[in-house]
Amino acid sequence: MLVKSLSGSEIMRVETGTGACHASRPDLPPLDPRQKWVLWHGRFQDAGWIPDESVDAIITDPPYGREWLPLYEDLADFAARVLKPGGICLVMTGQLILPNVIEILRRRLQYVWLISYVSTGHAALVWSIRVMSHSKPVLYFAKPPHNPTGLFRPDLISSGQKTKREHEWQQSVVGFRRLIHHYTQPNSLILDPCCGTGTTLVAAIMEGEGRRTIGIDVDGRAIEIAFRKLQEASGGLLQLRMFALEEGDPMTAPRPTRAGLNGRRAGA
Ligand SMILES: C[S@@+](CC[C@H](N)C(=O)[O-])C[C@H]1O[C@@H](n2cnc3c(N)ncnc32)[C@H](O)[C@@H]1O
């Protein structure tokens, strides 16, 4: 069924869930393999429409405060359900709650490694411990059995510049694209259950090579921003804007493909 979103654009209501969603192909069901991206407005805990063992990688950045720890318990259960065996779960989180988050995620997933995500912008001042923080941990968990092969991946990822601040929690597309480039495979399904303004989804679409992506968030305003950015990314406009800002950075430079700029593909 088609309904109107806050911005007036057409959105679909997922038959199997309570939330409304946008999709790259509104004429197709959300889980059709021809969907490049799907954005769902709702709680990930209610996303029963995502089948068991259907997702290759979860890449997410949930809220960091101690009061959010119960959300990480739900995330662990959700990831254990929807990830394929061998699938990975990369969780950006706060240093202060890191031991708690590791303990919670280990109940359902296998701990693999800690990736350091270095911010190139200003340091965040952590007043309680007088630390100028230039990095964030990204926890690398997996659903067993996890046997990565192929190229070695760096455990130091630079965020690159922020392109535009549309939301206080927004992450850098360049940094998330680096995570996706190194830690996911072509043709994989990448899910962000706390997607905010859609950074993971945009990064997955820009990285291309058949990657598909699903984003979920309870915040309708963030979903609308994500929708706009995904439309831009699919049309190649976001790539050009970022290239103008970060000329010379190979991760943001538009790369020619047979179909034109990366990200600008039929049905994208
Ligand atoms: C740190 S922000 C993510 C920011 C995102 N990485 C970006 O670049 O815009 C965390 C997000 O989790 C969302 N959230 C919190 N609880 C949620 C839940 N139960 N289901 C889905 N999203 C949730 C919040 O609305 C918020 O947008």
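Mentor: Helix α3 (residues 173-183) is largely enclosed by the rest of the structure, because 9 of its 11 residues are buried. A residue is buried if 20 or more other C-beta atoms lie within 10 Å of its own, exposed if 12 or fewer, and partly exposed in between, with C-beta atoms placed from the backbone. The buried residues of α3 are Val173, Val174, Gly175, Phe176, Arg177, Arg178, Leu179, Ile180 and Tyr183. Helices (H or I, at least four residues) and strands (E, at least two) are DSSP runs, numbered from the N terminus.

This is a predicted model, where local features need pLDDT of at least 70, side-chain atom pairs count only at pLDDT 80 or more, and totals for chains, interfaces and linings use all residues. Residues are numbered from 1 along each chain as its sequence is written.

Strand β6 (residues 83-92) has 7 of its 10 residues buried, so β6 too is largely enclosed by the rest of the structure. Strand β5 (residues 55-60) runs parallel to β6 and is joined to it by 5 bridges; two strands pair if DSSP finds at least two bridges between them. Ala57 has Ile88 of β6 as its bridge partner. From β5 the chain passes through helix α1 (residues 69-82) to β6, a right-handed β-α-β crossover: with the strands pointing away from the viewer, the path from the first strand over the helix to the second runs clockwise.

β6 also pairs with strand β10 (residues 135-142), in the antiparallel sense and over 5 bridges. Met92 has Val138 of β10 as its bridge partner.

Tyr140 lies in β10. Tyr140 is buried, because 20 other C-beta atoms lie within 10 Å. Beyond its neighbours within four places in sequence, Tyr140 is in contact with Ile88, Leu90, Val112, Trp113, Leu114 and Ile115, where contact requires C-beta atoms, placed from the backbone, to lie within 7 Å. Of these, Val112 is 28 residues away from Tyr140 along the chain, yet their C-alpha atoms are separated by 5.5 Å.

The contact is made by Leu69, Tyr72, Glu73 and Ala76 of α1 and by Asn100, Val101, Ile104 and Leu105 of α2.

Key: Contact = placed C-beta atoms within 7 Å.
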